[in-house]
Every structure is written in C-alpha cells, then in structure tokens.
Amino acid sequence: MMRRAKPTATKSISGSHESTISIAGRMIEKTKSVDAVWAGRVLFIICLLVVAGVLGFLGHHILDDAEIKLAKKQFGSIADRALVSAQQITERKQLGALTLASVIANQLPESDPWPLVFFPNFANIAQNIIATSDGRAMALAPLISPDELEDFEEFA
C-alpha cells in the first residue's frame with residue numbers, strides 16, 4: 001500500500017477556508033439571532049399596543065355607558081323632586097286663593113252689593129295668607145260687566 005502524502009499547504013488552505021466559512025456561518029447565525037430578537041421585540045411591542053388599544057377602547061366604552069346611566073338616573077331624580085316641589089308650591093298657592101275666597105265669601109255673603117264692595121282689613125288677612133302660601137300678592141278683583149263699569153269707577 002502506498003501512502004499518500006498529505007498536502008500540508010492544501011490542508012492549511014482548506015482549514016483556513018473552513019474556518020472562514022465557520023466564522024461566516026456563525027456571523028450569519030448571530031445576525032439571524034439578532035434579527036430574530038429584534039423581530040420578537042417589535043412583535044412584543046405591537047402586541048402591547050394592540051392590547052392597550054383594546055383595553056382603552058373597552059374602558060372608554062364601559063365608562064361612557066356608566067356616565068350616561070348615571071346622568072339619566074340623576075336627571076330623573078332631580079326632575080322628580082322638582083315636579084313634586086312645583087306641585088306642592090302650586091297647591092299651596094291654590095289653597096291660599098281658596099282660603100282668601102272663603103274669607104271674603106263669609107264676610108260678604110250677600111250678592112246684592114257686588115261688585116261695589118269694600119272688605120275691611122283685607123291687606124292684613126291677605127298678607128298672612130301670602131306668607132302661608134308662598135305667594136307674592138293677592139287682590140280682590142271683582143268681575144264687572146260693561147254696564148256696571150261707570151258705577152264701579154265712581155265707587156272706586
């Protein structure tokens with residue numbers, strides 16, 4: 001058997017070439033690894049942004065609905081109280097007018113002198129009824145027909 005001579009120069013060249021390829025391969029692998037890391041980071045940030053957007057949208061939607069419900073509930077409550085208060089004020093004023101009419105009707109029960117009537121102490125009685133009924137003013141204003149106008153103006 002014959003021995004082959006090992007080419008030392010070829011071996012060193014091919015070894016050098018293989019090590020260059022090996023280094024280049026490792027560089028490519030590192031570059032791929034770095035690219036994969038950056039791609040993962042970008043993908044992670046995109047996922048975070050999507051999750052933040054979805055949560056922000058849902059949070060806004062939930063809070064918006066809650067605010068609308070609360071506003072409707074508060075408006076209903078305030079409107080109900082205002083309506084009750086307005087009804088009570090109107091009822092007090094109506095009762096004040098009825099009270100004054102009852103007092104005048106009892107003081108002047110006869111219809112003959114109407115509309116030419118004078119009611120003594122009207123201002124004092126009316127003032128007390130105004131305070132009770134939360135009114136501003138009360139008046140005794142008899143209704144007159146056109147043919148009674150001249151007599152009423154002379155009486156006044």
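Of the 156 residues in the protein chain, 8% count as buried, where buried means under 20% relative accessible area, exposed means over 50%, and partly exposed lies in between (1.4 Å probe, protein chains only). The model is predicted, so that local features need pLDDT of at least 70 and side-chain atom pairs count only at pLDDT 80 or more, while totals for chains, interfaces and linings use all residues. Residues are numbered from 1 along each chain as its sequence is written, and side-chain values use heavy atoms, with hydrogens and water left out.

**Exercise 1.** Determine how many helices and strands the protein chain has, and in what order the elements run.

*Solution.* Step one is the count: there are three helices and zero strands. Helices (H or I, at least four residues) and strands (E, at least two) are DSSP runs, numbered from the N terminus. Step two is the order, which reads α-α-α from the N terminus on.

**Exercise 2.** Describe helix α2 and state which of its residues are buried and which are exposed.

*Solution.* Next, the buried residues of α2 are Phe122, Ala126, Ile129, Ile130 and Ser133. They lie on the same side of α2 because they cover an arc of only 105° around the axis, the arc being that of the directions from the helix axis to the C-beta atoms. Finally, the face turned away from this buried side carries the exposed residues Asn124, Asn128, Ala131 and Thr132.

**Exercise 3.** Identify the residues of the one aromatic pair and classify its geometry.

*Solution.* The structure holds one aromatic pair. Its rings belong to Phe119 and Phe122, with centres 6.0 Å apart and planes at 90°, so the pair is edge-to-face. As for the cut-offs, rings of Phe, Tyr and Trp (its six-membered ring) pair if their centres lie within 6.5 Å; planes under 30 degrees apart count as stacked, over 60 as edge-to-face and the rest as tilted. Phe119 and Phe122 are both buried.

**Exercise 4.** Examine the backbone on either side of α2: what phi do Asn121 and Asp134 take?

*Solution.* Begin with the general rule: most residues other than glycine have a negative phi. Asn121, in the loop between α1 and α2, has a positive phi of about 60° although it is not a glycine. Asn121 counts as exposed, at 53% relative accessibility. Just after α2, Asp134 takes a positive phi of about 60°.

**Exercise 5.** Locate Ser145 and state how far it lies from Pro115.

*Solution.* Ser145 is in the loop between α2 and α3 (149-155). Ser145 is partly exposed, with a relative accessible area of 26%. Ser145 and Pro115 are 30 residues apart in sequence and 9.6 Å apart in space, C-alpha to C-alpha.

Definitions and conventions: The expected span of a helix is 1.5 Å times one less than its number of residues.
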